[in-house]
Amino acid sequence: MENEKNNPDKRKYDMLQQDAVASFFKNRKTQFLFQLTAVFLLVLVVLAGFFGIQNSNMSLTTISIWVIWWSLLLISLALVGRLWCFMCPFGAIGDWAQRQTFYKKIDGTFSLKMKFPARFRNLFLAALLFLIITWADFQFNLVNSPLLTAYFIVALLGFVVIISIIFERRSFCRYVCPITGLIGLYSMFAPIELRAKDKETCKACTEKYCISGNEKGYPCPVFEYPGTMEKNTHCILCTECVKTCDRCNISFNIRSFAGDFLNLTKTRVDEALFILMLLGVTIFQTLIMIRPWAGFSRDLMIYTGASYDSVRFILFIAAAAFPVLFYSIVIAISKFFNQKIIFKDLFTSYAYSIIPLGLMMHLSHNIRHLLEEGAGIIPVLSDPFGFGWNLFGTSGYMPAPLLASNNILLIQWLLMLIGLGFSISIGKNISRRIFHENDSSYLHVLVFVLIFFVFNLWILGQPIMHKH
Ligand code: SF4
Ligand code: SF4
């Protein structure tokens with residue numbers, strides 16, 4: 001009951017109330033088994049990239065990573081938040097290198113345990129890497145190259161291990177992972193959360209094993225403190241605090257969608273900028289796949305005399321920067337009409353209201369890839385290296401779209417409407433809660449949201465070129 005008193009969202013169900021679920025997460029081998037499976041699959045994918053067939057339509061590497069995993073990751077963020085991080089093979093290999101054990105709790109670590117530089121304890125490095133990798137994808141056609149994808153995975157793994165050996169805990173996951181910002185911010189929408197049951201118990205707790213660790217588990221790898229945690233953004237759901245908290249004060253709740261936005265007080269400029277940049281990159285990724293893009297970029301090349309790569313690079317940077325600039329203007333107008341409100345407060349607070357729309361835009365883009373190209377995995381599973389095997393008798397299967405194009409478009413529109421509905425509702429909630437019913441401060445952000453909504457609907461309606 002104490003939990004409910006502190007918690008305005010009373011429609012929560014703590015899964016750890018079930019003894020079986022609690023034991024499942026308290027057992028140190030549980031996460032290891034999931035991680036081991038993920039590492040095994042990743043090794044297969046990398047081997048297929050290096051030694052298997054190089055046709056991206058028939059490659060386990062490209063189909064499983066760029067069509068299946070990436071699409072399922074986005075869906076999972078909306079439904080189960082950062083649960084992917086629980087089994088992420090990159091984080092697992094970093095942990096194993098650093099801890100020199102697969103699942104046991106040991107005291108020493110094979111790491112210099114340096115503190116991550118204070119100036120980079122934000123999302124800026126992650127944003128930079130995200131932009132570089134997205135650009136590299138356009139430039140080197142990563143998604144269509146099994147070999148380059150395999151090299152990319154191995155390079156990223158090496159990077160994770162080096163960071164894990166130099167810096168303490170999971171500094172990589174918290175500050176460097178190129179998708180940590182995307183995963184963290186989208187996961188705020190998910191109907192699950194891991195939180196302290198009762199914040200007063202945490203205040204009174206002198207041991208704070210969730211921070212220091214004990215014989216049952218490690219200190220929080222991403223430097224979170226459940227006693228003040230109010231959003232899903234950084235918690236990688238490793239469940240170490242479930243193991244270490246000797247007051248059983250951790251809950252793993254099922255809650256309403258977008259629950260993080262109900263009482264959000266800790267907003268950050270780096271997160272707000274990431275949300276806006278992501279919006280622009282998502283639109284750009286869809287734009288370059290529609291047929292009118294080819295004509296537009298050709299006209300631009302003729303007009304400017306620049307090469308295709310230069311035109312695309314400039315438009316990519318412009319796309320990432322445009323929502324930031326446009327939103328800044330919108331907030332400046334809002335500030336002009338609401339002199340008492342601080343620009344930074346308006347800028348950061350309302351940026352979070354854009355997350356559901358951004359997530360659904362991203363999802364609607366990838367759902368088409370998944371439904372149109374995902375069946376390509378069926379023959380590949382029987383012949384993962386393209387050696388002519390027929391392991392499950394499906395290598396002769398001719399992949400076809402799972403749904404007709406018009407039906408996919410309907411799903412995309414539905415997703416967009418869901419995103420718009422949540423974004424408006426959160427924006428109004430922020431206006432009520434933080435700016436005290438000052439609806440005029442939200443009006444301008446609403447116009448911003450509607451413009452992006454309509455523009456994305458138009459893009460989705462255009463004929464699209466496939467990823468593979
Ligand atoms: S150990 Fe448990 S009760 Fe103590 S501060 Fe951490 S989460 Fe709260
Ligand atoms: S808060 Fe708990 S579950 Fe979340 S990352 Fe930290 S230790 Fe893991």
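Predicted model: local features only at pLDDT ≥ 70, side-chain atom pairs only at ≥ 80, totals over all residues.

Me: Which residues come nearest to ligand 2?

Reply: There are 13 residues around ligand 2, and those that come nearest are Cys-220, Cys-235, Cys-238, Glu-240 and Cys-241.

Me: OK, and which come nearest to ligand 1?

Reply: Cys-202, Cys-205, Cys-210, Cys-245 and Asn-249 come nearest, out of 14 residues around ligand 1. Two elements give two or more residues to that shell: helix H11 (199–204) and helix H12 (209–212).

Me: How do the residues of the ligand 1 shell divide by class?

Reply: Nine are nonpolar, three polar and two charged.

Me: Switching topic. How is the protein chain divided into domains?

Reply: Domain 1 takes 2–12 plus 196–261, domain 2 is 20–187, and domain 3 is 269–460.

Me: How far apart are domain 2 and domain 3?

Reply: Their C-alpha centres lie 23 Å apart. The contact uses 30 residues from domain 2 and 27 residues from domain 3.

Me: Which helices supply the domain 2 side?

Reply: Helix H3 (28–51), helix H4 (60–80), helix H7 (124–140) and helix H10 (180–186) each put in at least two residues. H4 has the largest share, with ten residues.

Me: And what classes of residue are on that side?

Reply: On the side of domain 2 that touches domain 3, 22 residues are nonpolar and eight are polar, with no charged residues.

Me: Now H15 and H16. At what angle do they pack?

Reply: Helix H15 (residues 291–304) meets H16 at about 110°, and the axes are 9 Å apart. Angles of 65 to 115 degrees count as roughly perpendicular, so that is what H15 is to H16.

Me: Which residues make the contact?

Reply: From H15 you have Ser-297, Leu-300, Met-301 and Thr-304, and from H16 Tyr-308, Val-311 and Arg-312. By class, that contact has four nonpolar residues, two polar and one charged.

Me: Last one: which residues of H17 are buried?

Reply: In helix H17 (residues 343–351), the buried residues are Leu-346, Phe-347, Thr-348, Ser-349, Tyr-350 and Ala-351.

Me: What covers them?

Reply: The cover over the buried residues of H17 includes helix H14 (269–287), helix H16 (308–337), helix H20 (405–433) and helix H21 (439–460).

Methods
Residues numbered from 1 in each chain as written. Chains lettered and ligands numbered in written order. Near = placed C-beta within 6 Å. Helix = DSSP H or I, 4+ residues; strand = E, 2+ residues; numbered from the N terminus. Nonpolar A, V, L, I, M, F, W, Y, C, P; charged D, E, K, R; others polar. Domains from an automatic or database assignment. Contact = placed C-beta atoms within 7 Å. Buried ≥ 20, exposed ≤ 12 C-beta atoms within 10 Å, placed from the backbone. Axes fitted to C-alpha atoms, helices over the stretch in contact; angles between N-to-C directions. Parallel < 35°, antiparallel > 145°, perpendicular 65-115°, else oblique.
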